Amino acid sequence: MATPYSRVLDLVKVQCRVFSMTFNPDRLRLGNKVLRQRLRGPTLAAWYPKKTVSFRDLQDAVKPLGLTTFDEAEDDREEAIQIAKLRGKGRPKKKRTAAESRSAKKKK
Amino acid sequence: MSQFRSKKLDIGGFINARVIRDHTKRKVFEQYEPDRQALRYIIRNTSLPQRVRAQAQLQLSTMHAYTRPTQIKNRCVAGGIARSVFRNFRLARYQFRMQALAGELPGVRKASW
Amino acid sequence: MSFISPYSCLLRATRSLQLATASRTLSSSSRFRIVADAKFPVVPSSNDKLQPLTQSQRPVESPVKADGNSSVETPVKEWANRLTDINFNTRLPRSVQALYLRPLRRKAEYGLPVCDLQLRSYSVRNLEFFADFAIRAAYYLKLPVSGPVPLPKITERWTFIRSNFVHKKSKENFERITTRRLIQIKDGNPQAVQAWLAFLRKHAFYGIGMKANVWEYESLDVGKNMDDTLPAVEKNLEPHLSRFGRQQTETSPTQKPLSDFLGNERLSLKKGPLVKVRSV
């Protein structure tokens, strides 16, 4: 004997309540699949490695205490810039106004 | 976009403008993901009134481009390259090869069979 | 259910493990000594290698002594003599001796699986060693264990273009082979299983990932027990669930209707340029 449809519906309704599912006998599109999706943001945002502590940070932390640090690479760089300046190969002076930059171009 | 970019550099590894931009997009997407999902739910729910759904569609389409997941592109962590990036190492092919030959990737070695 | 990454557990190998290996090498050499003693006497001087073979089987006598001052009684024993004394008259502790034998096992009474531990590594040596260690640890915790079962290897292969630019035809292959071992605990006390897992985590070996599936068995009145514990659980969860699905920044806990959400300015404000309606 076939069970009446209303009875089956009742059963499904109770089932949905017990297991906290959505009762949707008409198969409407309720968009619940969007709610089921897991949030992808945290995994996507963790792609690039986090910033780690550098020597520069140490320098910045130590300077207010009145201690001096010695960064060899930085000193080398400054020295090289000095040498370049003496040879006339330093960076050009910053043009402050539009007129200055135009005159610089005209010279050529 | 500059309003989203963090004022201080917050990633390590290889840095260039494109890497920073992509990282910014990732963070913005993470922040706005619940909003986007809520709007998507409203749009897809056929039991809601049509007007509400249309409104939600409009909202979603007017959200900033950086909140969109399709803007995100996987880039090589060691070289910033966007092509041929392997997801489980986050490295592009050439960087992978260099690191594998240097023995920096555990378990990876030259294969011959 | 979490893999301990092989990189993170760098050289957290324990002192006890190192001790075990050290004593193993030491006494394996001494064992070899015993065997050697039985066959040939120990030769203290390197000059006459042929001589001891012709002599008696006792390892005590050194050939030099036999030649010269054999009549003088020496209070201090010869080095070889002392060694043989140690070898014959003393023994290692049983627990140390057990290290040279196959690991001991308990017999499972019911054979009900309680915990599956999967070990993964890129090097078989480390994996074998740690699997052995885990089984011995399980024995001393009175846990019946089956395994280690060698699971199929996972081979990943990649082919790359050798150069960073063009030259498509010249390629290079790389591979990564993950070897796996499965150790299953049968009908053990859940607390003992937890203790075993904690012990393994504490003494995690470098380059080995672990994944454990633990099954717990309940009596038939599960529902009743759950109902009993429900109020306490709800009380604990209440502060978390009250803010479920909310923005972290949002402070007002009032329920807002959907129309308010859609009309919310916050969504439309933070969109940068080209958002405002142009007033022409």
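A: Helices (H or I, at least four residues) and strands (E, at least two) are DSSP runs, numbered from the N terminus. Bear in mind that this is a predicted model, where local features need pLDDT of at least 70 and side-chain atom pairs count only at pLDDT 80 or more, while totals for chains, interfaces and linings use all residues. Residues are numbered from 1 along each chain as its sequence is written, with chains lettered from A and ligands numbered from 1 in the order in which they are written.

Start in chain B. Helix α1(B), residues 17–44, packs on helix α2(B), residues 50–62, at about 145°, and their axes are 8 Å apart. (Axes are lines fitted to C-alpha atoms, for helices over the stretch in contact, and angles run from 0 to 180 degrees between N-to-C directions.) The crossing of α1(B) with α2(B) is left-handed. On the α1(B) side, the contact uses R36(B), L39(B), R40(B), I42(B) and I43(B), while α2(B) brings V52(B), R53(B), A56(B), Q57(B), Q59(B) and L60(B). Sorted by class, those contact residues are six nonpolar, two polar and three charged. Contact here means C-beta atoms, placed from the backbone, within 7 Å. As for the classes, Ala, Val, Leu, Ile, Met, Phe, Trp, Tyr, Cys and Pro are nonpolar, Asp, Glu, Lys and Arg are charged, and the others, Gly among them, are polar.

Now look at a helix pair in chain C. There, α6(C) and α7(C) pack at about 140° with axes 10 Å apart, and their crossing is right-handed. A134(C), A137(C) and A138(C) of α6(C) meet W196(C), F199(C) and L200(C) of α7(C). That contact has six nonpolar, no polar and no charged residues.

A nonpolar core is a set of buried Ala, Val, Leu, Ile, Met, Phe, Trp, Tyr and Cys residues joined through C-beta atoms within 7 Å. "Buried" takes 20 or more other C-beta atoms within 10 Å of a residue's own, "exposed" takes 12 or fewer, and "partly exposed" is in between, with C-beta atoms placed from the backbone. The largest core has 22 residues, and L117(C), L119(C), F130(C), A134(C), I185(C) and I208(C) touch the most other members. The elements giving two or more residues to this core are β1 (113–121), α6 (124–140), β3 (171–186), α7 (190–202) and β4 (208–214) of chain C. Of these, α6(C) gives the most, six residues. Another core lies apart from this one and has eleven residues, including I11(B), V85(B), L91(B) and V108(B). Back in chain C, A134(C) touches L117(C), I183(C) and L200(C), once residues up to four places away in sequence are set aside.

β1(C) pairs with β3(C) in the antiparallel sense over eight bridges, and D116(C) has Q184(C) of β3(C) as its bridge partner. β1(C) also runs antiparallel to β4(C), joined by seven bridges; there, R120(C) is partnered with G209(C) of β4(C). For the record, two strands pair if DSSP finds at least two bridges between them.

Still on β3(C), I177(C) sits in that strand. I177(C) counts as partly exposed because 17 other C-beta atoms lie within 10 Å. In sequence, I177(C) and I154(C) are 23 residues apart, yet their C-alpha atoms are 5.6 Å apart in space. Leaving out neighbours within four places in sequence, I177(C) contacts Y122(C), K153(C) and T155(C). In the loop between β3(C) and α7(C) you'll find D187(C), with a positive phi near 20° though it isn't glycine. With 15 C-beta neighbours inside 10 Å, D187(C) is partly exposed.

Last stop, chain A. The chain has six helices and zero strands, and 2% of its 108 residues are buried. Its contact with chain B takes 19 residues from chain A and 24 residues from chain B. On the chain A side, α2 (32–36) and α3 (41–45) are the elements that give two or more residues, with α3(A) giving the largest share, four residues. By class, that side has eleven nonpolar, four polar and four charged residues.

Technical notes:
Left-handed = near helix turned anticlockwise from the far one by under 90°. Contact = placed C-beta atoms within 7 Å.
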